There are 2 protein chains.
Amino acid sequence: MSGPLLTVKASAQTTPSGNPLPSWNDGAPKQAILDFVRATTDTASPNHVPPEDRIAVFDQDGTLWVEHPMYTQVMYCLERVPAVTAGKPALKDVEPFKTVLSGDREAIAKLSMRDLEEILAATLTGMSVDEFDAEAKQWLETARHPRWKRPYTELVYQPMLEVLRFLRDNGYKTYIVTGGGQDFVRVYAEQVYGIPPEQVIGSAGGTKYGYGNDGKPFLTKEPKLILNDNDAGKPEGIHLMVGRRPYAAFGNSTGDREMLEWTGAGAGARLKMLVLHDDDAREYAYGPAQGLPDSKVGTFTSALYDEAKKDGWSVISMKNDWKRIFAFQ
Amino acid sequence: MSGPLLTVKASAQTTPSGNPLPSWNDGAPKQAILDFVRATTDTASPNHVPPEDRIAVFDQDGTLWVEHPMYTQVMYCLERVPAVTAGKPALKDVEPFKTVLSGDREAIAKLSMRDLEEILAATLTGMSVDEFDAEAKQWLETARHPRWKRPYTELVYQPMLEVLRFLRDNGYKTYIVTGGGQDFVRVYAEQVYGIPPEQVIGSAGGTKYGYGNDGKPFLTKEPKLILNDNDAGKPEGIHLMVGRRPYAAFGNSTGDREMLEWTGAGAGARLKMLVLHDDDAREYAYGPAQGLPDSKVGTFTSALYDEAKKDGWSVISMKNDWKRIFAFQ
């Protein structure tokens, strides 16, 4: 990543009054964050954490940015299909590519998991890592979210940007731990969240080292999954990539359960928080935990809610705890 | 890792004269390091590198510390066998454990690769990650190298500690990229090299998330290889764990070839260096590149030497370029 990308576009701002979380309403979740940071950074605190151990992990989809009506990376894969089939015309009349090219939204929504995997493999693998970076970057500059007609990278939650900044200002290394593709998220994480590529952990495929005709080496993205960074894969991925147990973990769905459990099982003060999507007016409302509609994209089940209550995890109500959702509002 | 481990025991010291590489003799390799750092950090230089892109990677065995007569981790595995068979007495009369327990060095040296893999699996997997950390830490405190009768962690090359420190002082993030076990090296890398666990990339097995009888989650080390961090696995591992191409790479054997190629294929100033073991008096001499004895542990072939010459990689002669090898000398 080159220099200009380091600029954090929608960065958290500490207000003149010194409030590090200006987009948060007063309440238990905001207080939990403030208390945690004080307890782990005050050298007089029994729960003081040495700076090198200050690790905070964040799920991305639904925790840092919008995941509805569909994960952004899935939108990328679907919208890349015309470019891929242009290069391989034989695919145009073959399913599932034919359906995607038809633009028939109802038919696309009915594609099976196997179809989707085929589309992911065709659009995320087979090219060099540099080619993929360029393709994803170009798409992110032009693609727009269907509801807000804005770049996906603007649909990040301003209150969470403030938490990221607040933790970093207090010596925490912030990591993204996402079920999404590691290479995809790394393309924009530095610009959007101020999180460098080496602090993005995600579902990752293998690469294969080879040489071009000019003798120069390159890495090709392979359709071989190395890390499925969901559910138990999240603590496993954190062990693989960080080798330390986090002190703070943020998620929003059942896929984040084990990451929060793993974080909470450590000694001392540990912050475990779940974002609840209960604001249909400003964003979306889903998750049966609160009698909200069920959703395949970011499920917040009753069982997860029960575990959160039992184990003292904080549930953040987007409706009640956040003054605003996006920087542009 | 807790606070005290952060103390770098045998750390590089800048001399009062401000010489950042006091253990290096003047010569081409020392000059290459100084020139590279100046070229990439001077903002007026055409090869200036923004701080966030300053990544330097180091092989470990034979590059940062002694690898002869045998890789330290293999010594660990062999010496752990009595403890493992004490817990599973049925193994005592089964090969290859029987041979290891016999203490017959000649017979042990003749064990096949398959035997060795069985010993590695028995001593490196099946326990929780916390148990493994404790076992490895305990061994490192008591084990001694057969030649110097000192802890292995003291057998690090003082000139390389100075390079690590010099690069970090100039904004470089230093990574270990080792064919050795990632979990093993992470146990001592912070104490010995000042390199935190998240900057240690190595051969890595999978872990499995589970719950103890107390309901607490834990990760068990599995005998399933996720990353074979040798040869092409090194650039593949760097892509997986860092996501940026390094600007500097240090190695000493054919297993480091692709890592140096990958580093060198980037634009601008790139530092590629190989340590040549040609000092039998102070350390060891091996590698057919210079007519030295061949070795299965850290091979420096003629082909590697030719590639180094052709592509402008620096070859560091331990005999001629290093004033001293170890801090204790």
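How many salt bridges does a search of the whole structure find over all chains? The count is 32. A salt bridge here is a side-chain nitrogen of Lys or Arg within 4 Å of a carboxyl oxygen of Asp or Glu. Side chains of opposite charge can pair when their charged atoms come close.

Two notes before you click. This is a predicted model, in which local features need pLDDT of at least 70 and side-chain atom pairs count only at pLDDT 80 or more, while totals for chains, interfaces and linings use all residues. Residues are numbered from 1 along each chain as its sequence is written, chains are lettered from A and ligands numbered from 1 in the order written, and side-chain values use heavy atoms, with hydrogens and water left out.

**Stop 1: both chains**

Color by chain. A rotation of 180° with 0.0 Å of shift along its axis puts chain A on chain B, with an RMSD of 0.0 Å. That is the relation of a two-fold axis. The superposition is by least squares on the C-alpha atoms of residues with pLDDT of at least 70 in both copies.

**Stop 2: the interface**

Select the residues of chain A in contact with chain B (contact means heavy atoms within 4.5 Å).

Now show the charged pairs. Six salt bridges cross the interface of chain A and chain B. One to select is B:Arg244 with A:Glu190, at 3.5 Å from N to O.

**Stop 3: A:Asp53 and A:Arg244**

Select this pair. The salt bridge has its closest N and O atoms 2.9 Å apart. The partners are 191 residues apart: A:Asp53 is in the loop between α1 (28-41) and β1 (55-58), and A:Arg244 in the loop between α9 (233-241) and β5 (248-251). Helices (H or I, at least four residues) and strands (E, at least two) are DSSP runs, numbered from the N terminus. Both residues are buried. Buried means under 20% relative accessible area, exposed over 50%, and partly exposed in between (1.4 Å probe, protein chains only).

**Stop 4: A:Asp256 and A:Lys234**

Move on to this salt bridge, 2.7 Å from N to O. A:Asp256 lies in the loop between β5 and α10 (257-264) and A:Lys234 in helix α9, so the pair ties together parts 22 residues apart in sequence. A:Asp256 has a relative accessible area of 1%. A:Lys234 also has 1%.

**Stop 5: B:Glu154 and B:Arg150**

Switch to chain B. Here the closest N and O atoms of the salt bridge are 2.8 Å apart. B:Glu154 is partly exposed, at 27%. B:Arg150 is partly exposed too, at 29%.

**Last stop: A:Gln73**

Select A:Gln73 in helix α2 (residues 72-87) of chain A. Is A:Gln73 buried or exposed? A:Gln73 is buried, with a relative accessible area of 15%. Beyond its neighbours within four places in sequence, A:Gln73 contacts A:Leu124, A:Gly180, A:Gly181 and A:Phe184. A polar atom of the A:Gln73 side chain lies 2.7 Å from the backbone nitrogen of A:Gly181.

Conventions: A polar contact is a pair of N or O atoms within 3.5 Å; within protein, one must be able to donate a hydrogen and the other to accept it, and residues adjacent in sequence count only if both atoms are side-chain atoms.
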